[in-house]
Amino acid sequence: MAKIRNFITILTLLGLLLGCQPTSRVFKDAFSCYKDTSMKIPIKLKGYYSQLEHIETNVGYPPNVKKVVDTIARNVVFYEDGVFLYSFYGEQFKGNNPIGYKGGVALWGGYSIFNDTLKGFFMTGPDSRPNRPWGYVWFKIIDKNTIRKICFKWQEPITAADVFEFKNTRAKNISNATFIPSDSLPNPNLSWIKNKKWFWCDEQQFKLWKKAQKEK
């Protein structure tokens, strides 16, 4: 019995170790890695972008009529250093122990710019949605004050076919995201993801950054 228990314990530990690896590996595959450098960004940064999204459901019998059942405001923050906060809500960052820096509905990650498209990759917090830990979202830049979501997808990278499908299905229910100035944005240096070594391209840069944070 003791041997069986030891064998089960070893299998459990191996499972935990293997289960921890995909998170960092998936991030590096999807986003490469993070560099703490200022980016030239063609949008405004000292605030957040907010859009309205209508949630529909099928009604009737047979259920062939769509009806709007809810409207959700979705807020997004882009930081100059390349950090990205998807699903930003102020109440998540209030109090002595704000959950937003650890996860909750706040989704931290990084983004890159390709011509007129912002491509964000985010991850849920350590205790959030264990079955869907990462996702992708793309925005088209309309002007400095306006962007528009053109695709969103959990776990698998976005393709041209996904953008086309999104445009013909969900896009009609989503408004443009407009810029709202704010001087009380969350501090990206306190986010859980920026404090992970695997998030960074340069381990030495990460160590220097961590040291500077402790000195502050």
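User: Where is confidence lowest in the protein chain, and where is it highest?

Analyst: Helix α1 (residues 2-31) is lowest, at a mean of 41. Strand β8 (residues 177-181) is highest, at 97. Over residues 1-22 the pLDDT is below 50. Beyond near neighbours in sequence, that stretch has zero contacts in the model. Where pLDDT is low, the predicted coordinates should not be read in detail.

User: What makes up the secondary structure of the protein chain?

Analyst: Three helices and eight strands. From the N terminus on, the order is α-β-β-β-β-β-β-β-α-β-α.

User: What does the side chain of D202 reach at the start of α3?

Analyst: A side-chain oxygen of D202 comes to within 2.8 Å of the backbone nitrogen of Q204. The cut-off for a polar contact is 3.5 Å.

User: Why is the pair K207 and E203 called a salt bridge?

Analyst: The cut-off is 4 Å between a Lys or Arg side-chain nitrogen and an Asp or Glu carboxyl oxygen. The closest N and O atoms of K207 and E203 are 3.4 Å apart, so the pair qualifies. Both residues lie in helix α3, four residues apart, about one turn of the helix.

User: Why is K153 called buried?

Analyst: Buried means under 20% relative accessible area. K153 has 18%, so it counts as buried. K153 lies in strand β7 (residues 146-154).

User: Which residues form salt bridges with K153?

Analyst: E156 is one of them, with the closest N and O atoms 3.7 Å apart. D162 is another, at 2.7 Å. Both distances fall within the 4 Å cut-off, so both pairs are salt bridges. Side chains of opposite charge can pair when their charged atoms come close. D162 has 15% relative accessibility, so it counts as buried.

User: What else surrounds K153?

Analyst: The backbone oxygen of P157 lies 3.4 Å from a polar atom of the K153 side chain. Not counting residues up to four places away in sequence, K153 touches G135, Y136, I158 and D162. The side chain of D162 also makes a polar contact with that of K153, at 2.7 Å.

User: How many salt bridges does the structure hold, and which residues are linked in a network?

Analyst: Nine salt bridges. E53, R74, K149 and R170 are linked in a network of them.

User: Is T117 buried or exposed, and how do you know?

Analyst: T117 has 12% relative accessibility, and the limit for buried is under 20%, so T117 counts as buried. T117 lies in strand β5 (residues 117-123).

User: What makes the T117 and D116 side chains a polar contact?

Analyst: Their distance is 3.2 Å. Leaving aside its neighbours within four places in sequence, T117 is in contact with S112, W138, F139 and I150.

User: Which residues touch the most other members of the largest nonpolar core?

Analyst: F78, F84, Y86, W108, F139 and I147, out of 46 residues in that core. Strand β6 (residues 134-143) gives the most to this core, with six residues.

User: How much of the protein chain is buried, and what share of contacts joins residues 24 or more positions apart?

Analyst: Buried residues make up 39% of the 216 residues. Among contacts with a separation of 6 or more, residues 24 or more positions apart account for 53%.

Key:
Residues numbered from 1 in each chain as written. Predicted model: local features only at pLDDT ≥ 70, side-chain atom pairs only at ≥ 80, totals over all residues. Heavy atoms only, no water. Polar contact = N/O pair within 3.5 Å; in protein donor to acceptor, adjacent residues only side chain to side chain. Helix = DSSP H or I, 4+ residues; strand = E, 2+ residues; numbered from the N terminus. Buried < 20%, exposed > 50% of the residue type's maximum accessible area, 1.4 Å probe, protein only. Contact = heavy atoms within 4.5 Å. pLDDT = per-residue confidence, 0-100. Core = buried A, V, L, I, M, F, W, Y, C linked by side-chain atoms within 4.5 Å.
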